[in-house]
Amino acid sequence: MPLQKILFKPGVNKENTRYSTEGGWYEADKVRFRQGNPEVIGGWNRISTNTFLGICRSLWNWALLDGRNIIGVGTNLKFYLENGGSYYDITPIRASSTINNNPFVATNGSATITVTDTAHGASTGDFVTFSGAVGLGGNITAAVLNANYQITVLTSSTYTFTATATANATDAAGAGGGASVVAAYEISVGPATQIPLVGWGAGGWGLGTWGNGLTSTSALRLWSQQNFGEDLVFNFRGGGLYYWEAPLTSRGVLLNTLGGTVSFTNASPTVVTSTVAYTEGARLQFSGGSLPTGVAAATTFTVTQVSGLTFKLLDSSNVLVNTSSAGTGAVSLIVDVPTVVNTLVVSDTSRFILTFGVNDYGLSTIDPMLIRWCGQEDPFNWTPTATNQAGSLRLSNGSEIITTAQTRQEIVVFTDSALYSLQYLGPPFVWGSQLLAESISVYGPNAVAVASGVVYWMGIDKFYTYDGRVQTLNCDLRRFIFTDINKDENLQVFAGVNEGFNEIWWFYCSESSTAIDRYVIYNYQEKIWYYGTMARTAWLDSGLRDYPLAATYQPNTTGNIVEHENGLNDNATSTPIALNAYISSSELDIGDGHNFAFVWRVLPDLTFGDSTNSPTGAVPAVTMTLFGLSNSGSGTTSNASASVLKGSTYVITEEFTGQIFTRMRGRQMIFKIDSNQLNTQWQLGAPRIDIRADGRR
């Protein structure tokens, strides 16, 4: 019989039986397609040996005016900025207190230190930074105490932390630390995973049937972040709105506390000079020991008659404020800045901060369908007036805004049941919404990606795309994905773009896992799907970096950022690991599939591309395996495999073993190629098999 060429359709298809998808691929891991041919994906390298604490769920990249390239890194424990491979902790401070009367107590032979602070207000797992402490006299020095620690709460007035040194008898002689210890408590940490809560105690009081309660979820910590110029606006879902300004060592602070300092003239009306520019209509509260008569602390005033950094004030009756003395102070509160937010966007062209799922004016609870925005190019003014463009609107279809995606001319807004387009209209309406689709779903706040102006997202049982109209995306892996996905961990699902390869990646938890262990890829240029296994928690493809970035997942330890498509191996740690890559075909007939045939020779067709010899001198190689079947339901009855090695003496470009000899018989067969060796990259072409008729025994 003549040589039989084996050609497969691109992409992986698991929607039907293995035999009915003849001519295609059925299983894969760490393999992609280039112009229809399978090849191993690129490797990854960590950006530095430095690490961060917690599980990262958000990455954002931008550049400062001085050219420094910054990545915002939001984890369940902290918020960092990465620059040059170093991670700078900018986690906002929730509260600070000065602890008097020697608050530290040590135990001889232990690194555990007990702290007394009646105003700590912290929870177990939170972080605190001490300053102003003096040593306890032994190993627990001032340098040991004046550091950042994670705490375990004992009571409302005491907690412990594990110091970086072990106390001796001198340290344990009595309470110490001095009389001027300052404890700065960071915002509370968030859950690392999504924990379903079922039964009594789940949900609010009186909800659910008697003795059963509700089925609810303890949401993991999800961050939203975008730069406003060179500054950063960020928040965690259900938390406050934070703002960061350079330098890298400064922490983020609540936006409504960034009012700056002011001085007042002794005049009727008084003229206020501020270090922060305000626009007409902004509402402020002041504090300070030298406020003038006529300006009471914690009272709301409205900004009017703005001229640069000076303005006048209106009281609650819209009357100009007079003072009988000069004074100074600080803006203690920018009123109407959102205090609880689910997600945010900074509009690219019109320069608004838009918040979604946010408290309404004068209220402190989230309205999950409300959208609010600040004045144009004015993050400090959220009070709508006739002279600014601050405002709000409420969507009606759905019960909660889940997430958003910014495209070329609009912001696409996802509720739990509909899709909206949010567009800038200009005054007086400013922003307007339009319903794009009903009865759609989105799997989670991070399950959306935008590539070439097209929005792609994972729903609860299918994939969608929006390019001006909403369409269901045909998926050859739909049943495989949605019958083996952990629906209780939907908040962990996230999408990312790998623009260099025209790919959208979705990462998710398989049904038996509570940590991300799977990915599925849609190649939007070739319109094909493939999948594999990988543990990542966040992804970002930025034009400011040479490679796509991803956050590694290391439970109960530290994390790092890796550059994908950089190298050939897994270099997430100090020891390179080979990529275990393979692809396996559907069942295909040998010859006409009517009679048994014997396959005795394979002529490979592949290239090893950029492969290099491993550090141990091993030649890059793949294994080709043929699995023979008597019929499509018989299971494998015989198999044969052999190594295909990269050549070193061939003149032709594709340098590999010219032919391999096998012994495999059957009516159908499965073709598989795999590799698990350092520095190995390959692409498969069109191999051929040499067959002859074989008697049936």
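User: Which residues touch the most other members in the largest nonpolar core?

Analyst: This is a predicted model, so local features need pLDDT of at least 70, side-chain atom pairs count only at pLDDT 80 or more, and totals for chains, interfaces and linings use all residues. Residues are numbered from 1 along each chain as its sequence is written, and side-chain values use heavy atoms, with hydrogens and water left out. A nonpolar core here is a set of buried Ala, Val, Leu, Ile, Met, Phe, Trp, Tyr and Cys residues joined through side-chain atoms within 4.5 Å, and buried means under 20% relative accessible area, exposed over 50%, partly exposed in between (1.4 Å probe, protein chains only). Among the 85 residues of the largest one, the top contacts belong to Phe414, Trp457, Phe463, Trp506 and Trp682.

User: Which residue does a cis peptide bond join to Pro427?

Analyst: Most peptide bonds are trans. This one is cis, with omega about 5 degrees.

User: Is Val430, with its positive phi, buried or exposed?

Analyst: Val430 isn't a glycine, yet its phi is about 70 degrees. Val430 is found in strand β37. Its relative accessible area is 4%, so Val430 counts as buried.

User: And what about Asn318, buried or exposed?

Analyst: Asn318 also isn't a glycine and has a positive phi, about 60 degrees. Asn318 is in the loop between β28 (310–314) and β29 (327–335). With 59% relative accessibility, Asn318 counts as exposed.

Note on methods:
Helices (H or I, at least four residues) and strands (E, at least two) are DSSP runs, numbered from the N terminus.
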